[in-house]
Amino acid sequence: MLRPALCLFAPKPLIARGPSLAPVRTCGGRSLTIPVFEPWNDPEAKPLIQFQNVTKRFGDFTAIDDLTIGIYEKEFFALLGPSGCGKTTMMRMLAGFETPTEGSIYLAGQDMAPVPPNKRATNMMFQSYALFPHLSIWENIAFGLKREKMPKHDINDRVEEMLRLTRLEKFANRKPHQISGGQRQRVALARSLAKHPKLLLLDEPLGALDKKLRQDTQFELMDIQEKTGTTFVIVTHDQEEAMTVASRVAVMDHGKIIQVATPDRIYETPNSVYVADFIGEVNIIDGTATPNGPDSYSVAWKDGQAPLNVQSPADFSEGQTCHLAIRPEKVTINAEKPEGVDNLVQGKILDIAYLGNISTYHVELPSGAVIKAQSANTRRISRRAFTWEDTVWLSWTATAGVLLAE
Amino acid sequence: MMRRFTLIAVPYLWLLALFLVPFVIVLKISLSDVELARPPYAPHFDWATGIWAFLSELDFENFTWLAEDDLYWKAYLSSLKIAVVSTFFTLLVGYPMAYAMARAPQEWRATLMMLVILPFWTSFLIRVYAWMGILSNEGFLNQFLMWTGVISEPLTILNTNAAVYIGIVYTYLPFMILPIYAALERLDESLIEAAEDLGCSRLSAFWLVTIPLSKTGIIAGCFLVFIPVLGEFVIPSLLGGSDTLMIGKVLWEEFFSNRDWPVASAVAVVLLLLLIIPIVLFQRNQQKQQEAEQ
């Protein structure tokens, strides 16, 4: 991926960590020498933030439901979920604007309940940026430092450093309403990082930016996170954003964390239909499992269709209801019947979603079920081997999907 | 084109008929001499003698008189002092009320706003008379304080400057509350949270964020109170004592007790000139606010 001209940071090429790419943040060609950053797999590691059986209720409404999770130092942790799932409440509890109804939150081993927001070693970047409209960019960034009674020249140095980091030197004397949305976003980031917080909270930080700028800024955020070594917790409803920036993603629903894992594991091995469906596109095939080997199952589904062969690390008993989740890009579409494949179905193309680089084919099987298959448009569209109403073969390997109980 | 002209013409005609023409008449009277007649001043414009003869009889005698007699500038200064002090007290009472209104739950705000405006539905005079009933020696306030045992002798409040201040603060409070409320209601709650997040206590967040961001409302409210209070006449003459010196009262006495219309008009013209300064400042504040909002 070409770094756009906007990003003037370190010239090292960053590789977009899309869903199907390497799990570790890689820096062009040197990926093999970088130690794997997985403190959550290290039993010795102590989490920086610990939620211990935290419940938060607003009247009758339970925003957070008995939640326990640890977030480690230097992590870029994403809270992902639909609106109203409790992710913002979690963040506001970390910042100190809300207190848990039950349970406790520990920051570096210290119970945060009695600590007011202005005494916490956390800083927040607000969704609206919340820049002080009556202060200049410089004064906005210096605001937190002045409250610390920092010596004047130290404030100067720190503000200059933050302005450099976010490339805002030229705008130091402007007021927030005199700069663009992207610049405002960087001021908000600079202001929240200026105090060297142990933990930086980002509430939908890129929501107000257009798509192109958002993508650029995601890489900037990752860069700044690496440079400063600060622990970042980001709240977002944009799954692509969470996958791009985060070291781990927590998928939330109704005040509970459904799954916490690295972006690739969330995508490849979701633990529930909810997670599989929330992240990216997926085919969910309902059926009944029959074990036929270690981690191997034969899944009976629609009448008149041959049972599917699935290899998935799960525990199903004979005749148990199961859901096979399989990503469209793992389903191969062919005009001719392929040989030697684990699973094969025939159907008719119902719909084609043409996205330029890829196309998603909606294929209707004789039983009425629709399966989505995705393939890269390696040929010109005029030379495509199949189109609407054509009969095609769909195939996938036994390991392509995951078998889920719920 | 014609349509636009008509549209602009309406407010200008309004201003011309209801402000400029009366002002020119008052200005003319202020340049005349007092006379025992009806109306009690001369000269009058006469077609026979022509405009130059008429103009040559006008002079600035009344304005020199205003400068010579110290009653007038003392009255101007005293009015200024009363206006400044009562504006300050109105701000002191009005700001917390506006703040409480802006922080009240959304569904209450319309009701609270209604309560602030409600007194306007009754006659201003009746409300000032009601204060006479409250503040007099046998009034409700003294009766209540003596009943509770706080005082044994009734306090003399009515016919003092204190009563004038109470009356002014009460009457002009809505003019202070409404612009401040408008500024505070627009204030983004997350700015306060951001200030706290960056290390401010509640109090310092209020000083460093809430106050500066409601500045335009405070300035607007202060001018809306200060400008009319400077020329206030009813409140000092009903609630104030004989030593309460305000230019509005002097003006009234010159007109109706003294029947010296020319001097009274001169007092009015000077008052208007004095008021132009705060009015211009007020306009500039409003303009700045509009620019900031764009």
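**Entry 1: a residue to start from.** A reminder to myself before anything else: this is a predicted model. I began with A:A78 and asked which residues it touches beyond its sequence neighbours. Leaving out residues up to four places away in sequence, I found A:I234, A:T236, A:A242, A:V245, A:A246, A:V249 and A:A250.

**Entry 2: the cores.** I then looked for where A:A78 belongs, and it turned up among the residues with the most contacts inside the largest nonpolar core. A:L94, A:I141, A:L201 and A:V233 share that listing, and the core counts 104 residues. Helix α2 of chain A, residues 137-147, is its top contributor with 6 residues. I also noted that domain 1 (31-121 + 197-268) and domain 2 (281-404) of chain A both supply residues to this core, so it lies between them. A separate core has 51 residues, including B:A98, B:Y172, B:F175 and B:A264. As background, nonpolar side chains in soluble globular proteins tend to be buried together.

**Entry 3: the six-stranded sheet.** Next I traced an open sheet of chain A with mixed pairing, whose 6 strands run in the order β6-β7-β8-β3-β9-β10. Which strands are at the edges? They are β6 (122-125) and β10 (256-261) of chain A, each of them pairing on one side only. On average, neighbouring strands here are turned by 20 degrees against each other, direction ignored.

I zoomed in on β7 (199-203) and β8 (231-236) of chain A, which pair in the parallel sense over 5 bridges. Across this pair, A:L201 of the core listing stands opposite A:V233 in β8(A).

Helix α4 of chain A, residues 181-193, lies across β6 and β7 of chain A and runs at about 175 degrees to β6(A).

Entry 4: I found another open sheet, with 5 strands in the order β13-β12-β11-β14-β20 and antiparallel pairing. In chain A, β13 (308-311) and β20 (402-404) each have a single partner strand, so one side of each is left without a neighbour in the sheet. The twist from one strand to the next averages 45 degrees. β14 (320-326) and β20 of chain A are joined by 3 antiparallel bridges, and A:H323 stands opposite A:L404 in β20(A).

I also followed β19 (391-396) of chain A, which pairs with β15 (332-334) in the antiparallel sense over 3 bridges. With β16 (343-354) of chain A, β19(A) pairs in the antiparallel sense over 6 bridges. A:S395 shows up in both places: A:T332 stands opposite A:S395, and A:S395 is the bridge partner of A:L344.

**Entry 5: where the chains meet.** Last, I checked how many residues each chain brings to the contact: 14 from chain B and 17 from chain A. On the chain B side, α9 (189-197) and α10 (202-213) each supply at least two residues, and α9(B) gives the largest share, 6 residues. By class, that side has 7 nonpolar, 3 polar and 4 charged residues.

Definitions and conventions
Residues numbered from 1 in each chain as written. Chains lettered and ligands numbered in written order. Predicted model: local features only at pLDDT ≥ 70, side-chain atom pairs only at ≥ 80, totals over all residues. Core = buried A, V, L, I, M, F, W, Y, C linked by C-beta atoms within 7 Å. Buried ≥ 20, exposed ≤ 12 C-beta atoms within 10 Å, placed from the backbone. Helix = DSSP H or I, 4+ residues; strand = E, 2+ residues; numbered from the N terminus. Domains from an automatic or database assignment. Contact = placed C-beta atoms within 7 Å. Nonpolar A, V, L, I, M, F, W, Y, C, P; charged D, E, K, R; others polar. Pairing = 2+ DSSP bridges. Axes fitted to C-alpha atoms, helices over the stretch in contact; angles between N-to-C directions.
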